[in-house]
Amino acid sequence: MGFLNAIRDLGEMELNRHSGDDEFADIDSFLHMPIELIGEPSADEDGKQKKVSRLPGKEIRIYLDVTDPRADTLDVRGVKKIESADFWGGQETDDRAKKRRYLYREPSGSNVTWSFSPIYKLGKGVGDGRKALLGDNGDWRSDKNSRYFKLYKSVLRAFEDKGTFSPGSTDRIMEALVERVDELSEKWMEKKSSHILIFSPCDGVCFLYPLEVPSYLAYFRALLQTSTQSGGAVKGERILPLRDCALCHSDATNAVNLDEIFAFATFDKKSFLPGLSESAKSKVFPICERCYKLLSEGRNVIDRDFTDSKTILGVNIYITPELLLNDANLKKVSGKTKDFVQLGLKNEQFLSERVLNQDDELVFHFVFWEKNQAQERLLLMIEDVPPSRLKYLEKLWDDTVKTANSEDIVSHSNRSTLQQAINEIRMAVMSLAGKNDGDTAILRDLLLDTIGRLMKDEPIDVYTVKSFAVSRLQGLFSDGEWLARYGVSNMRRLQRIVDFLYRVNEKN
């Protein structure tokens, strides 16, 4: 509950900061980014992880030929123009307003046949765009794996079914796209860039983003209201009205399930809310409409300001602060804490100096998860970690570094840090996998278990860590490439981390 309460408080603080945005106050908290600005890290040839920077993205604008872009129903006669532009471009300095213009929200599942906005994710560029768009046999209607079929089924068709497009509009759009498939393919070739298609009219000259089209805005609001009033139904079953909200305990007439906020809150995990018990009548974690809005806003905040995707390859780490005073307006805490809560991590790693440099006015909740297409897999959750615990671990690591006389790992700040300790553990443990993908998964679990025990002040099974190392070193030493790259440095790392883990166990 600590993690969820912290997310809710962050959402409330964010909404208070933007209380003047009344025109779009009903939708802002529920908007998502159609393209992530922060890319995933990758390992360089030395086994270290490259710095993650903002990756380029492209928006391919499909100018719809309509009689009146302001009409309640868009009568689409075809496609006027196709152009490519940089995603997130423009002169706006307000990121909140810039995100709003796309009017984008991820649908509730990967198999839905509708979308909140007229945006389709193409993904990274491909070599043969024509084949990917039309399908292997060149007939997109008969090839369910073709991009045009998926676009038609999961995005465009619903706009006509709901009355946002006039009858026949979707077929006219698809006919135009087939005629201009080569033109679209040429704009979908950059393999390092993510691409999205945006279907929208223009006002005569300028392209209109979805927010600027009244019928799109009405369509989004109607779908958002429907998703709330449906009560977050599971398998067609409706949540009973007037349930108590699990967070604020108010009456939740239109309750929403927690999986509307976090995809890893699925109903088959007995150890995680909402699937606590097989005998529960409805395996849900009911959330009222207000808490749904606050949690949605809070999720946006941690995704933007409190996420580290650099420390462990393929793993996202939430570092969520919670004020112990439970005072969302920040009036009773120090300026240092206010700055951290309001500014976030600034794309730093999860145990950076900005995290450790806090007082025990707050605690941290760490959540480790990975993304697999539309799914989110929860790997580890650590709640209620005070900054004093992190500072204490850093002192023990500093003692290890001084004892080992390891001047080679002292940072530019001329001192050892807890982030260094985690990086040393990560590099030593993960290098033991060699080229075996199966070992990589096992050793990552060992790494996460070790990090969790460090944070939670639990005994660490150092024998298991040493056994994993010994069982793999004999085979790795026979690999000349591995030995040249990791051999000597890895032995030093293993010596340091074993010493560090013993110190942690002795002091606990």
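The dialogue below goes through some side-chain features of this predicted model.

Q: How is a pair of aromatic rings described?
A: A pair of aromatic rings is described by the distance of the centres and the angle of the planes. In this structure, a search of the whole model finds 21 aromatic pairs. One of them is formed by Phe3 and Phe262, with 5.5 Å centre to centre and 45° between the planes, and the pair is tilted.

Q: Which parts of the chain does the pair of Phe3 and Phe262 link?
A: The pair links distant parts: Phe3 is in helix α1 (residues 2–17), while Phe262 is in the loop between β6 (251–252) and α8 (289–305). The two residues are 259 residues apart. Both Phe3 and Phe262 are buried.

Q: What kind of pair do Tyr318 and Trp369 form?
A: Tyr318 and Trp369 form a tilted pair, at 5.6 Å centre to centre and 55° between the planes. Tyr318 belongs to strand β8 (residues 316–323) and Trp369 to strand β9 (residues 362–372), so the pair ties together parts that are 51 residues apart in sequence.

Q: Are Tyr318 and Trp369 buried or exposed?
A: Residues under 20% relative accessible area are called buried. Tyr318 has 0% relative accessibility, so Tyr318 counts as buried. Trp369 has 5%, so Trp369 counts as buried.

Q: Which residues do ring pairs link into a cluster?
A: The cluster holds Tyr63, Phe87, Trp88, Tyr102, Phe207 and Tyr209.

Q: Where do the charged end of Arg141 and the residue Arg299 lie?
A: The charged end of Arg141 sits over the ring of Tyr152, at 5.7 Å from the ring centre. Arg299 lies over the face of Trp369, 5.5 Å from the ring centre.

Q: What does the side chain of Arg101 reach?
A: The side chain of Arg101 reaches the backbone oxygen of Gly89 at 2.8 Å. Arg101 is placed in the loop between α2 (95–100) and β3 (119–124), and at 7% relative accessibility Arg101 counts as buried. Leaving out residues up to four places away in sequence, Arg101 touches Trp88, Gly89, Glu92, Tyr209, Pro210 and Leu211.

Q: How many disulfides does a search of the whole structure find?
A: The search finds 0 disulfides. A disulfide needs two cysteine sulfur atoms within 2.5 Å. For Cys206, the closest cysteine sulfur, in Cys202, is 8.4 Å away, too far for a bond. Cys206 is partly exposed, with a relative accessible area of 47%.

Notes: Residues are numbered from 1 along each chain as its sequence is written. This is a predicted model: local features need pLDDT of at least 70, side-chain atom pairs count only at pLDDT 80 or more; totals for chains, interfaces and linings use all residues. Side-chain values use heavy atoms; hydrogens and water are left out. Rings of Phe, Tyr and Trp (its six-membered ring) pair if their centres lie within 6.5 Å; planes under 30 degrees apart count as stacked, over 60 as edge-to-face and the rest as tilted. Helices (H or I, at least four residues) and strands (E, at least two) are DSSP runs, numbered from the N terminus. Buried means under 20% relative accessible area, exposed over 50%, partly exposed in between (1.4 Å probe, protein chains only). A charge sits over a ring if NZ of Lys or CZ of Arg is within 6 Å of the ring centre and within 35 degrees of the ring normal. A polar contact is a pair of N or O atoms within 3.5 Å; within protein, one must be able to donate a hydrogen and the other to accept it, and residues adjacent in sequence count only if both atoms are side-chain atoms. Contact means heavy atoms within 4.5 Å.
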